[in-house]
Amino acid sequence: MGLRTPQQYVDSLKDGRSVYYRGEPVADVTTHPVIKKAVHHACLDYEMAEDPATRELSIVQEGGDVYSRYYKIPASTDDLLKRSQLIEAATALGKTLVVLVKEIGTDALFALHRVARDMDRKYESDYLQRVQAFYRHCRDNDLTISVAQTDVKGDRSQGPLTQPHPDYYTRIVERRADGIVVRGAKIHTSCTTNTNELIVLPTRAMSEGDADYALAFAIPVNTPGVKLVASPYGGAPKAEFDAPLSADRKMMETITIFDDVFVPWDRVFMAGEHDFAGAMALGFVEYHRFTAVSYKLPLVDALIGSALLMADLNGIARAAHVRDKLIWLISYAETLRALTDMAAIRGRADEAGIYAPDALTTNMAKYHFAHNYHEALQHVQDIAGGMLVTGPGVEDFANPDTGDLLRKYLGGRAGIDGELRTRAMNMVSDLTTGDFGGYHAVLAIHAEGSLEAEKLMISRAYDSRRTLEYAKKLAGLA
Ligand SMILES: Cc1cc2nc3c(=O)[nH]c(=O)nc-3n(C[C@H](O)[C@H](O)[C@H](O)COP(=O)(O)OP(=O)(O)OC[C@H]3O[C@@H](n4cnc5c(N)ncnc54)[C@H](O)[C@@H]3O)c2cc1C
C-alpha cells in the first residue's frame with residue numbers, strides 16, 4: 001500500500017464503529033450532519049499529499065517507499081523542523097484548526113519506540129518489535145490515528161487505587177493467553193469519530209500497586225466494546241458569511257469508553273510495567289507539545305492579521321495605543337515562532353538516533369503561548385470593537401429593506417462599506433468569540449496539558465546547577 005486518496009480515507013470510516021451523538025447512535029460518520037464536517041476537515045491531510053503545491057512537504061520518498069511525512073521518525077533536527085513546517089502549513093490551510101489525524105498518533109508512536117526499547121532491556125520483553133510492526137502497519141496503509149491519554153481521573157488529588165471507584169483510570173481487568181481485557185474511559189479524545197486507529201497511553205506515573213493501570217495499547221476504532229460519545233460542542237450549523245472559519249471546519253472530541261475491550265498481545269505495548277508509565281506519559285507529551293506549538297503558529301498569525309485588518313478598516317491604524325497593541329501581538333507571536341524553531345534546533349537524539357525536540361524550549365513555547373493567549377484576545381477584540389458580538393446576519397444584507405442601510409451605516413474608513421466590514425468582523429468574531437473562539441481559548445489552556453504541567457516540565461528540564469554555580473562564583477563562595 002502507498003498513500004491513500006481522500007476518498008479512500010472517507011470510505012475507510014464506514015466500518016461499524018460505535019459512535020453516539022446527542023444520545024443517538026451514528027450509523028455513518030461520513031454522512032452525519034455534524035461529524036461529516038470533521039471528516040471533510042481531515043481530508044485536508046490527504047489533499048495536501050496530492051496537491052503539487054504541498055506534496056513535497058507532505059510526503060517522504062525513501063528508496064521505493066513513499067509515505068506521509070508525519071510518519072517520518074525524526075533522524076535529525078531538520079526532520080523536526082520539516083515536521084513543524086508541515087503541521088503549520090496544514091493548520092493554515094485548515095483556517096487555524098489543526099488537522100491532527102496523523103500528528104498526535106505519530107507523536108505517540110515516536111515515544112513508544114523510545115520507551116519500548118528501555119522496557120525490553122529491563123524486562124526482556126518484545127515490546128519494540130510490536131511497536132515497530134504497528135508503526136509499519138499505520139505508515140504503509142496511510143492510516144489516521146487518535147491518542148487517548150487523558151483519563152477521566154475522578155478526584156484529581158487521588159491516584160487510581162484511592163478513587164471512589166476503581167475505573168477512573170483505564171485498567172486491565174483480565175489477562176488471557178491471547179491478550180488483555182481493558183475497562184475504563186478516556187476523555188477529550190480528539191478526532192476519534194474519524195480516525196482508523198486509537199493508541200491508548202497512561203496519563204501519569206504509576207506506583208507498584210497501580211500495575212494494572214500501567215497500560216499502553218493500540219486498537220482499530222471499530223473494536224467491539226469501544227463506545228465513542230461525541231461532544232456536541234460547536235455542532236450548530238453556520239453560514240459561511242457569519243462564521244467564515246468554522247462553517248466548514250471542525251474537530252470532534254469524544255469520551256472514549258472501553259467497555260471490557262479485548263486487545264491481542266501484539267497490540268499491547270505496556271501491561272503492568274508501572275516503572276515506565278511516567279516515562280511513557282512524558283515521552284508522548286515531549287513530542288505532542290512540539291506539535292502543539294507548531295499548530296499554534298497560524299492562530300497567532302491570524303490574531304496579528306486580524307488586529308491589522310480591523311485597525312485599518314476602523315481607521316485607527318495610526319493611533320498610538322493601536323501601535324502599542326500591535327507591537328505586543330507581534331512580539332507574542334514571533335517569540336512563539338522563535339521558540340518553536342529553537343525547540344527543533346536544540347533537539348537531541350536518543351541512542352537509537354531518534355530525535356526529540358528540546359523539552360525545556362518546547363514547554364517554554366507552550367507556556368508562553370497559553371499564558372498570554374487571553375491577553376492577545378483582549379488586544380484583538382479591543383481594536384475590532386463590540387460588533388464582534390452584535391452584528392447583523394447574512395440574511396439582513398440580502399433583504400432589500402435593510403441591506404443598503406446596513407452597507408451605509410456599518411461602514412468604516414473611506415471606501416469601506418458595511419458589508420465588507422461586517423465580513424471582516426465576522427472572521428475576527430469566529431476566531432476570538434463564539435463557540436470556535438471559545439474552543440481555541442480552552443484548547444490554548446488545556447490541550448496538551450494544562451499550564452501547571454508546562455511549568456513543572458520547565459522546572460524539571462532546566463539545569464539549575466550552571467546558574468547556581470555562577471551566582472556562587474560571583475559571590476565569592478566556594
Ligand atoms: C480541545 C481539547 C482536545 C484534547 N485532545 C486530547 C486528545 O486527543 N487526547 C488526550 O489524551 N487528551 C486530549 N486533551 C486533554 C488535555 O490534555 C487535558 O485537557 C489536559 O491534560 C487537562 O486535563 P483535564 O481536562 O482533565 O483537566 P484537569 O486535569 O482536571 O485540570 C483542571 C485543573 O486542575 C489542576 N489539577 C489537576 N490535577 C491536580 C492535582 N493533582 N493537584 C493540583 N491541581 C491539579 C490542573 O492544573 C488544572 O488547573 C484535549 C483537551 C482539549 C481541551
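Modeller: Let's start with Asp28, whose side chain makes a polar contact of 2.7 Å with the side chain of Thr30. A polar contact is a pair of N or O atoms within 3.5 Å; within protein, one must be able to donate a hydrogen and the other to accept it, and residues adjacent in sequence count only if both atoms are side-chain atoms. This is a predicted model, where local features need pLDDT of at least 70 and side-chain atom pairs count only at pLDDT 80 or more, while totals for chains, interfaces and linings use all residues. Residues are numbered from 1 along each chain as its sequence is written, and side-chain values use heavy atoms, with hydrogens and water left out.

Asp28 sits in the loop between β2 (24–25) and α2 (35–50); such labels count DSSP runs from the N terminus, helices being H or I of at least four residues and strands E of at least two. Arg17 is 11 residues from Asp28 along the chain, and their C-alpha atoms are 8.6 Å apart.

Next, the ligand. It is surrounded by 19 residues, the closest being Val147, Gln149, Thr150, Arg156 and His188; a residue counts if one of its heavy atoms lies within 4 Å. Thr150 places a polar side-chain atom 2.7 Å from a ligand nitrogen, and a side-chain N or O atom of His188 is 2.8 Å from a ligand oxygen. Gly449 uses a backbone N or O atom, 3.4 Å from an oxygen of the ligand. Of the 960 Å² of accessible area that the ligand has on its own, the protein covers 66% (Shrake-Rupley method, 1.4 Å probe).

Now the helix pairs. The axes of α8 (residues 320–345) and α9 (residues 359–384) come within 9 Å and cross at roughly 160 degrees. Axes are lines fitted to C-alpha atoms over the stretch in contact, and angles run from 0 to 180 degrees between N-to-C directions. That makes α8 roughly antiparallel to α9, a word used for angles over 145 degrees. Their contact involves 15 nonpolar, eight polar and three charged residues.

Helices α5 (residues 103–123) and α6 (residues 127–140) pack at about 160 degrees, with axes 7 Å apart, and are therefore roughly antiparallel to each other. For α7 (residues 277–313) and α12 (residues 418–432), the angle is about 150 degrees and the axes are 10 Å apart, which makes α7 roughly antiparallel to α12.

Methods:
Angles under 35 degrees count as roughly parallel, over 145 as roughly antiparallel, 65 to 115 as roughly perpendicular and the rest as oblique. Ala, Val, Leu, Ile, Met, Phe, Trp, Tyr, Cys and Pro count as nonpolar, Asp, Glu, Lys and Arg as charged, and the others, Gly among them, as polar.
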